[in-house]
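Dear colleague,

Please find below the structure that I am handing over to you. My findings follow directly after it.

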Amino acid sequence: MNNYLPKIFLFLLLFQGINMSLFPQDPYNIDQYEFINYDANKLVFPGDSESFSKLFLAFNNLILKGDGQINVVHIGDSHIQADNFSGRMRQRLQTFFQGGIGGRGFVFPYTVAKTNNPPSYKVSYTGKWDHCRLVDNKSCKLGLSGISVSTTDTVASISIKLKVNDGPQYTFNKIKIFHNTDSTCLTVGIDNYKEKRIMEYDDCLGYTMFILDNYIDSVNLKFRKTNNFQKEFILHGISLETYDPGVIYHSIGVNGAMVSSYLKCELFREHLKALTPDMLIISLGANDTYTKGFDSIWFQHNLDSLLRMIKSVSPDVSIILTVPSDSYLFRKKLNQHIPFARNVIFRMAQKFNCAVWDFYKIMGGAKSIDLWLKSNLANKDRLHLVKKGYYLQGDLLFSAFLKSYDSFIDKTQVK
């Protein structure tokens with residue numbers, strides 16, 4: 001067991017108080033398994049670690065002064081769509097200190113698209129809807145979410161209600177609805193607010209924003225036709241936010257997504273800019289390597305293109321690239337492509353001054369997925385984890401992030 005307490009944790013114990021019911025011991029105290037390489041659980045900086053200085057300063061200002069918001073955007077594949085891994089990271093960041101909950105962040109009504117929805121919110125809908133995903137062989141314009149649902153039905157509706165499971169209670173008073181913004185778009189409205197103060201529309205960033213005078217935990221979207229040109233509403237996602245200081249953690253994932261999948265999303269830049277990320281976590285590569293003919297050169301080309309696109313929008317964003325977990329191809333053969341993808345990720349991290357969180361090494365390397373399965377942490381497909389495993393993954397990433405932040409405090413001599 002790690003008996004070392006981070007400096008900021010000691011400060012919070014003495015002066016703020018941590019929610020000890022959620023985390024009864026120090027934040028580095030993680031469930032122990034012999035096969036996990038805890039020494040490797042850290043953010044590695046193949047390039048310049050100064051790329052995280054601005055983020056850590058903002059994090060420090062938020063913790064010590066209760067000032068500002070930090071936006072985290074976590075994009076990925078099926079490991080992220082279910083929001084167990086990312087949801088655990090969100091919970092740990094937001095409940096690490098009092099006043100850390102800035103908002104739930106980006107959500108998508110996956111249920112409307114006939115796919116699995118995160119357990120932290122319930123989706124219901126009426127009317128006829130079509131859907132399109134970045135992994136579908138369809139011609140459609142997509143955004144950062146990599147998925148959309150569309151309707152021409154003016155009696156259609158979508159309701160989202162945030163639920164309390166084993167995380168914090170979320171409410172919001174700012175709603176960004178990302179959608180098509182041309183003249184054919186149906187007008188969107190919400191019908192479960194008490195006093196709407198302002199409605200803003202940003203055509204350049206592709207969203208309509210509602211600002212409310214009261215906090216709510218659910219929203220019901222309805223659509224109407226106000227002129228003969230309006231025909232269709234295409235929903236790309238919804239960000240549920242507040243103006244409160246804290247961390248807003250946007251989780252975005254699509255089952256089957258590869259790095260190249262997000263390159264096809266025409267509205268990626270606009271939507272990413274609208275979320276103003278301070279930290280971006282990219283958890284991709286599992287599907288890129290899940291093939292008999294993995295091409296590391298093509299994988300590097302796509303990852304290079306994705307990082308260039310991100311930097312063109314958010315040049316100062318701090319980026320963490322996570323290495324995919326150990327896995328089996330089609331449940332039968334060890335996926336020997338992961339180490340090659342890992343090498344590419346480290347090269348790109350050096351080129352773009354990103355941090356790397358080497359989950360492949362942390363979980364134990366080749367064939368470690370068998371040990372995770374034996375310990376009831378992984379799914380029988382030897383590709384996905386179970387909820388307990390994803391929670392452990394989130395705890396590990398949070399601990400690695402905190403170590404780097406603590407090192408920053410030590411270097412800058414923050415007291």
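In this predicted model, four strands form an open sheet in the order 5-8-13-10, with antiparallel pairing; two strands are said to pair if DSSP finds at least two bridges between them. Helices (H or I, at least four residues) and strands (E, at least two) are DSSP runs, numbered from the N terminus. The edges are held by strand 5 and strand 10 (187-190), each with a single partner strand, so one side of each has no neighbour in the sheet. From one strand to the next, the twist averages 20°. Within this sheet, strand 8 (residues 157-162) and strand 13 (residues 218-224) run antiparallel and are joined by five bridges. Ile158 has Leu221 in strand 13 as its bridge partner.

As to conventions, residues are numbered from 1 along each chain as its sequence is written. Because the model is predicted, local features need pLDDT of at least 70 and side-chain atom pairs count only at pLDDT 80 or more, while totals for chains, interfaces and linings use all residues, and side-chain values use heavy atoms, with hydrogens and water left out.

The other sheet to report is also open: its seven strands have the order 1-20-17-16-2-15-3, with mixed pairing. Strand 1 (43-44) and strand 3 are its edge strands, and each pairs on one side only. Strand 2 (residues 69-76) is mostly covered, with seven of its eight residues buried (under 20% relative accessible area, where exposed is over 50% and partly exposed lies in between, for a 1.4 Å probe and protein chains only). Strand 2 pairs with strand 15 (residues 246-253) in the parallel sense over eight bridges, and Asn71 stands opposite Ile248 of strand 15. Strand 2 also runs parallel to strand 16 (residues 279-283), to which five bridges join it; here Val73 has Leu280 as its bridge partner. Elsewhere in the sheet, strand 17 (residues 318-322) and strand 20 (residues 355-357) pair in the parallel sense over three bridges, with Trp357 in strand 20 as the bridge partner of Thr322.

Two helices lie across this sheet. Helix 2 lies across strand 2, strand 15, strand 16 and strand 17 and runs at about 130° to strand 2. Helix 6 (residues 268-275) lies across strand 2, strand 15 and strand 16, at about 150° to strand 2. Axes are lines fitted to C-alpha atoms, for helices over the stretch in contact, and angles run from 0 to 180 degrees between N-to-C directions.

Helix 2 (residues 53-65) also packs with helix 11 (residues 387-412), at an angle of about 90° and with the axes 10 Å apart. Helix 2 is therefore roughly perpendicular to helix 11 (65 to 115 degrees; angles under 35 count as roughly parallel, over 145 as roughly antiparallel and the rest as oblique). On the side of helix 2, the residues that meet helix 11 are Ser53, Leu55, Phe56, Leu57, Phe59, Asn60 and Ile63. Their counterparts in helix 11 are Phe401, Ser404, Tyr405, Phe408 and Ile409. By class, this contact of helix 2 with helix 11 has nine nonpolar, three polar and no charged residues (Ala, Val, Leu, Ile, Met, Phe, Trp, Tyr, Cys and Pro count as nonpolar, Asp, Glu, Lys and Arg as charged, and the others, Gly among them, as polar).

Arg104 lies in the loop between strand 3 (101-103) and strand 4 and is buried, with a relative accessible area of 2%. The side chain of Arg104 makes a polar contact of 3.0 Å with the side chain of Ser120. A polar contact is a pair of N or O atoms within 3.5 Å; within protein, one must be able to donate a hydrogen and the other to accept it, and residues adjacent in sequence count only if both atoms are side-chain atoms. Not counting residues up to four places away in sequence, Arg104 touches residues including Asp83, Arg90, Tyr170 and Tyr249 (contact means heavy atoms within 4.5 Å).

Asn117 is found in the loop between strand 4 (105-107) and strand 5 (121-126). The side chain of Asn117 reaches the backbone nitrogen of Tyr110 at 3.1 Å and the backbone oxygen of Tyr121 at 3.0 Å.

Ile36, in the loop between helix 1 (7-16) and strand 1, is buried, with a relative accessible area of 6%. Ile36 and Lys361 are 325 residues apart in sequence, yet 8.4 Å apart in space, C-alpha to C-alpha. Leaving aside neighbours within four places in sequence, Ile36 is in contact with Ile362, Met363, Trp372 and Leu392.

Yours sincerely
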